[in-house]
Amino acid sequence: LGSVKRLIAHYEATSGNDALVEEWRAKARSLGDAQELYYYAAKLFTKARTETDPVKKREMLVDALKAAERSSSSHADASTQKLVEEIAHSLKSM
């Protein structure tokens, strides 16, 4: 995981490598990296707020909640727990 994080930092520091950054972020999430899971959940949650298609919005919120819960299970902190609660609330409000 440490090597994956270094690759993310490397590709973020160089221009034109957005696709590679996203590939390595996905790898970090698959390995259970709490920081990347939190980042992904927050990003999806933000996008879901502006999604007009209710089916897509629900899918985004479900994926965001799964990522946030995985992040919380490996690195519980107040901000991650708040994100889990906000996403769950948004799902219930649909």
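Buried residues make up 30% of the 94 residues in the chain, where buried means under 20% relative accessible area, exposed over 50% and partly exposed in between, with a 1.4 Å probe and protein chains only. The model is predicted: local features need pLDDT of at least 70, side-chain atom pairs count only at pLDDT 80 or more, and totals for chains, interfaces and linings use all residues. Residues are numbered from 1 along each chain as its sequence is written, and side-chain values use heavy atoms, with hydrogens and water left out.

**Overall fold**

- The chain has five helices and zero strands. Helices (H or I, at least four residues) and strands (E, at least two) are DSSP runs, numbered from the N terminus.
- Along the sequence the pattern reads α-α-α-α-α.
- Taken along the principal axes, the C-alpha atoms fill a box of roughly 40 × 30 × 20 Å.
- Of the contacts between residues at least 6 apart in sequence, 49% join residues at least 24 apart. Contact means heavy atoms within 4.5 Å.

**Helix α2**

- Helix α2 has 13 residues, which at 1.5 Å a residue should span 18 Å. Its end C-alpha atoms are 18 Å apart, which agrees. The expected span is 1.5 Å times one less than the number of residues.
- Val21, Arg25, Ala28 and Arg29 are the buried residues in α2. They cover an arc of only 100° around the axis, which puts them on the same side of α2. The arc is that of the directions from the helix axis to the C-beta atoms.
- Ala19 and Glu23 are exposed, on the face of α2 turned away from its buried side.
- The buried residues of α2 pack against α1, α3 and α4.
- Just after α2, Gly32 takes a positive phi of about 90°.

**Helix α3**

- Helix α3 covers residues 34-50. Its 17 residues should span 24 Å at 1.5 Å a residue, and its end C-alpha atoms are 25 Å apart, which agrees.
- Buried in α3 are Ala34, Glu36, Leu37, Ala41, Leu44, Phe45 and Ala48. Seen down the axis of α3, these buried residues fall within an arc of 165°, so they line one face of the helix.
- On the other side of α3, the exposed residues are Gln35, Arg49 and Thr50.
- Cover for the buried residues of α3 includes α1 (2-13), α2 (18-30), α4 (54-74) and α5 (78-92).

**Helix packing**

- Two packed helices are described by the angle between their axes and the distance between the axes. Axes are lines fitted to C-alpha atoms, for helices over the stretch in contact, and angles run from 0 to 180 degrees between N-to-C directions.
- The axes of α4 and α5 come within 9 Å and cross at roughly 155°. The two helices are therefore roughly antiparallel to each other. Angles under 35 degrees count as roughly parallel, over 145 as roughly antiparallel, 65 to 115 as roughly perpendicular and the rest as oblique.
- The crossing of α4 and α5 is left-handed. A crossing is left-handed if the near helix is turned anticlockwise from the far one by less than a right angle, and right-handed if clockwise.
- In α4, the residues that meet α5 include Arg58, Leu61, Val62, Ala64 and Leu65. On the α5 side, they include Thr80, Gln81, Leu83, Val84 and Ile87.
- Helices α3 and α5 pack at an angle of about 30°, with their axes 11 Å apart. Their crossing is left-handed. Tyr38, Ala41, Ala42, Phe45 and Arg49 of α3 make the contact with Ser79, Thr80, Leu83, Glu86, Ile87 and Ser90 of α5.

**Two residues of α4**

- Ser72 is found in helix α4. At 13% relative accessibility, Ser72 counts as buried.
- Leaving aside neighbours within four places in sequence, Ser72 is in contact with Thr80, Gln81 and Val84.
- Ser72 and His10 are 62 residues apart in sequence and 26 Å apart in space, C-alpha to C-alpha.
- Arg70 also lies in helix α4. At 40% relative accessibility, Arg70 counts as partly exposed.
- Not counting residues up to four places away in sequence, Arg70 touches Arg29, Ser30, Gly32 and Leu37.
- Arg70 and Arg29 are 41 residues apart along the chain, and their C-alpha atoms are separated by 9.2 Å.
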